[in-house]
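Reader: Could you take me through this structure? I would like to start with the overall fold and then turn to particular sites.

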Amino acid sequence: MSSVAPLLKLEKVSKNYVAAEGAAPVAVLRDLSFEITAGESVAIIGPSGCGKSTLLNIIGTLDHPTSGSVWLDGQDLSRLDEQQLAAIRSRQIGFIFQSHHLLPQCSVLENVLVPTIADKRSSSTGAAERAEKLLKRVGLGERLHHRPGQLSGGERQRVAVVRALINQPKLLLADEPTGALDRNSAQGMAQLLVELNREEQVTLVLVTHALELARQMNRILELRDGQLVSAVV
Ligand SMILES: Nc1ncnc2c1ncn2[C@@H]1O[C@H](COP(=O)(O)OP(=O)(O)OP(=O)(O)O)[C@@H](O)[C@H]1O
Ligand SMILES: [Mg+2]
């Protein structure tokens, strides 16, 4: 792809939910359009229930728009089948959620390596080396063989960050990554995400209620009446 093409482009994306049979559909996203350049960091803010997670799930191909199109690195995602989407999710996109979703019976290192199992491109030695390097980078070099239950909340979330980055995705999506953390851990996580956006050259789109975190992104967009508008907070 040419370097001027946006990494991510949404064109007139709408999403309607039908909660129950016979009920009127609820329009959550309405003709929403926006673009993100490779390397950018963007915060999406807005009140509870306005559709932030819906939007992030559509960007991450976990959900489909009712109408409109999503382009990732020049590819129209609506033209891909489920298998092709699964490959994009595993190679190009990293996900971080409010709750870490680590496997309790696996060690830190094993958890981080889970996404590499399905990715035929990665050699297992290369992946293990990268996992150790990244875990050291986020301050968990001494925790490789701990299980999630033996870590603090902030440490678990850092494992989730490394797991999201292990396959060198182009796009990192984070849905309230500091939502379950105390103030100190949240600040550390915010700083880490900013640094990794730069170091790993990964484009970052995060949803947050924390304005302190949002302010550290290159751009802040507010989801209002189903559309994204520039916000200054
Ligand atoms: N599967 C679904 N079926 C029907 N309605 C849904 C579904 N998922 C979400 N909604 C509705 O869509 C709206 C947007 O939900 P969404 O989870 O995207 O909000 P949000 O901005 O992420 O909120 P929060 O900040 O509380 O996480 C809400 O009104 C919700 O009730
Ligand atoms: Mg949400």
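Author: The discussion below goes from the overall chain to its domains, ligand shell, core and a loop.

Author: This is a predicted model, in which local features need pLDDT of at least 70, side-chain atom pairs count only at pLDDT 80 or more, and totals for chains, interfaces and linings use all residues. Residues are numbered from 1 along each chain as its sequence is written, while chains are lettered from A and ligands numbered from 1 in the order in which they are written.

Reader: How many helices and strands are in the chain?

Author: The chain has seven helices and ten strands. These are DSSP runs numbered from the N terminus, with helices being H or I of at least four residues and strands being E of at least two.

Reader: And why is the chain said to be as compact as a globular protein of that length?

Author: The radius of gyration is 18 Å, close to the 17 Å that the globule rule gives for 233 residues, so the chain is as compact as a globular protein of that length. The radius is taken over C-alpha atoms, and the rule is 2.2 Å times the number of residues to the power 0.38.

Reader: What percentage of the residues is buried?

Author: Buried residues are 36% of the 233. A residue is buried if 20 or more other C-beta atoms, placed from the backbone, lie within 10 Å of its own, exposed if 12 or fewer, and partly exposed in between.

Reader: Which domains is the chain divided into?

Author: Domain 1 covers 1-92 + 171-180 + 187-233, and domain 2 covers 99-168; the bounds come from an automatic or database domain assignment. Eleven residues of domain 1 are in contact with 13 residues of domain 2, contact being C-beta atoms, placed from the backbone, within 7 Å. On the domain 1 side, helix H2 (82-91) and helix H6 (183-199) are the elements that give two or more residues. H6 provides the largest share, four residues.

Reader: Turning to the ligand, which residues surround ligand 1?

Author: The shell consists of Tyr 17, Ala 19, Val 28, Gly 46, Ser 48, Gly 49, Cys 50, Gly 51, Lys 52, Ser 53 and Thr 54. A residue counts as near if its C-beta atom, placed from the backbone, lies within 6 Å of the molecule. Helix H1 (residues 52-59) gives the largest share of the shell, three residues.

Reader: What about the largest nonpolar core: which residues have the most contacts inside it?

Author: They are Ile 44, Val 162, Leu 165, Leu 173 and Val 205, in a core of 57 residues. Such a core is a set of buried Ala, Val, Leu, Ile, Met, Phe, Trp, Tyr and Cys residues joined through C-beta atoms within 7 Å. Helix H5 (residues 153-165) gives the most, with six residues. Both domain 1 and domain 2 give residues to this core, so it lies between them.

Reader: Which residues does Leu 173 touch?

Author: Leaving out residues up to four places away in sequence, Leu 173 touches Leu 56, Ile 59, Gly 60, Ile 93, Phe 95 and Val 205.

Reader: Lastly, where is Gln 98 found?

Author: Gln 98 is in the loop between S6 and H3. With 17 C-beta neighbours inside 10 Å, Gln 98 counts as partly exposed. Gln 98 touches Asp 175, Glu 176, Gly 179 and Ala 180, again not counting residues up to four places away in sequence. Phe 97 is in the loop between strand S6 (93-96) and H3, and Phe 97 is partly exposed, with 18 other C-beta atoms within 10 Å.

Definitions and conventions: Contact = placed C-beta atoms within 7 Å.
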